[in-house]
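Morning, everyone. Please bring the structure up on your screens, and we'll walk through how its chains meet.

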2 protein chains.
Amino acid sequence: MPVKEAEARRAADVEQAILEAARDILAVGGLDALSMRLVAERVGVSATAIYHYFENKDQLVRRVVEYGFQRFGAYLEEAAARHPKGSLERVRSLGEAYLQFALENQSYFRVLFSLHHGDPHRLDELPDGGGYGLLRRAVEEAMDAGAIRRANPDVMVMYLWSMTHGLLTISMACRIDSCPEFSADSLELSPLELFHAFDPYVREGISDGGEEGGGP
Amino acid sequence: MPVKEAEARRAADVEQAILEAARDILAVGGLDALSMRLVAERVGVSATAIYHYFENKDQLVRRVVEYGFQRFGAYLEEAAARHPKGSLERVRSLGEAYLQFALENQSYFRVLFSLHHGDPHRLDELPDGGGYGLLRRAVEEAMDAGAIRRANPDVMVMYLWSMTHGLLTISMACRIDSCPEFSADSLELSPLELFHAFDPYVREGISDGGEEGGGP
DNA sequence: CCGTTAACTTAACAGTGTTAAGCTCGTGGG
DNA sequence: CCCACGAGCTTAACACTGTTAAGTTAACGG
């Protein structure tokens with residue numbers, strides 16, 4: 001029965017091809033650009049054939065998103081691995097990688113964290129918790145190593161994640177440099193540069209009295 | 001020519017009615033629920049009549065968003081006014097109001113900060129810079145009063161805004177409590193409670209060595 | 001050989017944003 | 001007075017969307 005296997009193989013290939021076509025379309029034009037008919041055309045089947053592999057468009061997108069988080073997680077992991085365990089650098093590099101990946105794959109990332117999905121992501125359904133687990137481990141290690149103060153790691157992680165994710169989404173949704181109150185001084189800062197500019201506040205807080213240099 | 005005036009008046013009323021109908025639909029069902037035909041039906045005109053007042057659907061949404069930011073700005077202003085100028089409380093209450101408004105008007109807010117818009121918001125086109133100006137003033141006053149350390153206000157504002165906005169968007173897009181690495185301890189924290197839990201980090205930083213209690 | 005099933009097709013439906021053409025009036029100019 | 005005009009609106013239609021229903025083809029197990 002190698003014929004059946006070949007069939008099954010081909011079927012799996014078609015499914016894979018659908019996913020890849022959908023991913024490519026999403027990466028370029030976002031959700032608006034993704035239509036069943038376009039995906040079908042690229043794969044070389046009719047639009048309705050997709051419904052034999054995926055329940056509907058939402059499910060197709062969901063699968064692509066899952067795969068996207070996988071790549072995202074791998075990207076983050078690689079960034080973390082470049083710095084020693086327990087170091088503040090490792091935590092920071094996770095944030096940098098978060099920004100970098102999102103900015104390099106904007107349309108794609110928009111879909112991943114699309115705000116207009118009815119049902120929110122369940123992090124336990126995402127590989128590595130959508131990066132949460134990775135960051136949490138790095139934070140806990142840094143706490144153990146004394147690089148950052150000991151506290152509830154989940155709150156700390158949410159704090160760091162919020163700051164990074166917020167910077168990202170704001171950068172993607174707004175042009176702050178067009179604000180009339182915005183002084184021209186910091187006009188040229190890219191999201192990544194802004195992220196670095198946040199560093200002293202993250203480390204020492206915004207309260208008065210912590211004017212330390214911070215250098216080696 | 002009271003007739004013409006009455007006509008113009010009525011025309012303005014229709015335009016207003018369209019905007020209000022669109023706003024209501026967006027507030028309940030988000031962008032997906034908004035269709036020209038539905039808006040038209042509610043107003044009592046044909047769908048194509050809308051095109052005499054708005055170039056297309058995008059422009060209609062844009063106008064609703066503009067109005068939304070106006071309400072948003074007013075909400076923030078009110079929150080700020082409840083605390084003395086130059087106080088850290090004023091800055092914090094802006095963040096709280098930001099969260100509160102967004103959580104109470106989720107569908108609406110999703111549209112305001114929708115990630116899948118082609119062109120980003122220009123803050124100078126939004127009333128009060130989308131709240132930027134408000135926060136910036138509060139931060140500068142707090143710097144002058146010595147409540148927070150003196151630094152580039154734009155960077156500081158972006159830092160605070162990012163943290164708040166990120167917390168919000170993550171809360172709306174993910175269920176963190178479903179993460180396998182998430183410890184059950186902080187499971188019950190609402191976005192607003194999390195915001196308050198961030199307070200010590202924002203004020204004193206995450207570095208080790210700043211274990212102060214935090215005053216009365 | 002026959003029935004079943006996977007994999008796919010075409011046709012169609014109901015919905016979308018948007019355009020084109022035409023209609024009805026009140027108004028201003030000749 | 002009348003008539004062209006333009007604002008405000010209509011219906012019809014186009015090209016597109018996701019999705020369903022029904023039918024086709026071919027390989028498989030019994």
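This is a predicted model: local features need pLDDT of at least 70, side-chain atom pairs count only at pLDDT 80 or more; totals for chains, interfaces and linings use all residues.

Start with the contact between the chains. On chain B, 62 residues touch 62 residues of chain A. Which elements of chain B give two or more residues to that side? They are α1 (2-33), β1 (121-122), α6 (132-145), α7 (153-173), β2 (174-175), α8 (191-197) and α9 (199-204). The largest share comes from α7(B), with 16 residues. By type, this side of chain B divides into 28 nonpolar, 20 polar and 14 charged residues.

Strands also cross between the chains. Strand β1 of chain A, residues 121-122, runs parallel to β2(B), and two bridges join them. Look at His121(A): its bridge partner in β2(B) is Cys174(B).

Now the symmetry. Rotate chain B by 180 degrees, with 0.0 Å of shift along the axis, and it superposes on chain A with an RMSD of 0.1 Å. The two copies are thus related as by a two-fold rotation axis.

Last, helix α7 of chain A, residues 153-173. How many of its 21 residues are buried? The count for α7(A) is 19, so to speak mostly covered. At 1.5 Å a residue, the 21 residues of α7(A) should span 30 Å. The end C-alpha atoms are 29 Å apart, which agrees.

Terms used: Residues are numbered from 1 along each chain as its sequence is written. Chains are lettered from A and ligands numbered from 1 in the order in which they are written. Two residues are in contact if their C-beta atoms, placed from the backbone, lie within 7 Å. Helices (H or I, at least four residues) and strands (E, at least two) are DSSP runs, numbered from the N terminus. Ala, Val, Leu, Ile, Met, Phe, Trp, Tyr, Cys and Pro count as nonpolar, Asp, Glu, Lys and Arg as charged, and the others, Gly among them, as polar. Two strands pair if DSSP finds at least two bridges between them. Copies are superposed by least squares on the C-alpha atoms of residues with pLDDT of at least 70 in both. The expected span of a helix is 1.5 Å times one less than its number of residues. A residue is buried if 20 or more other C-beta atoms lie within 10 Å of its own, exposed if 12 or fewer, and partly exposed in between; C-beta atoms are placed from the backbone.
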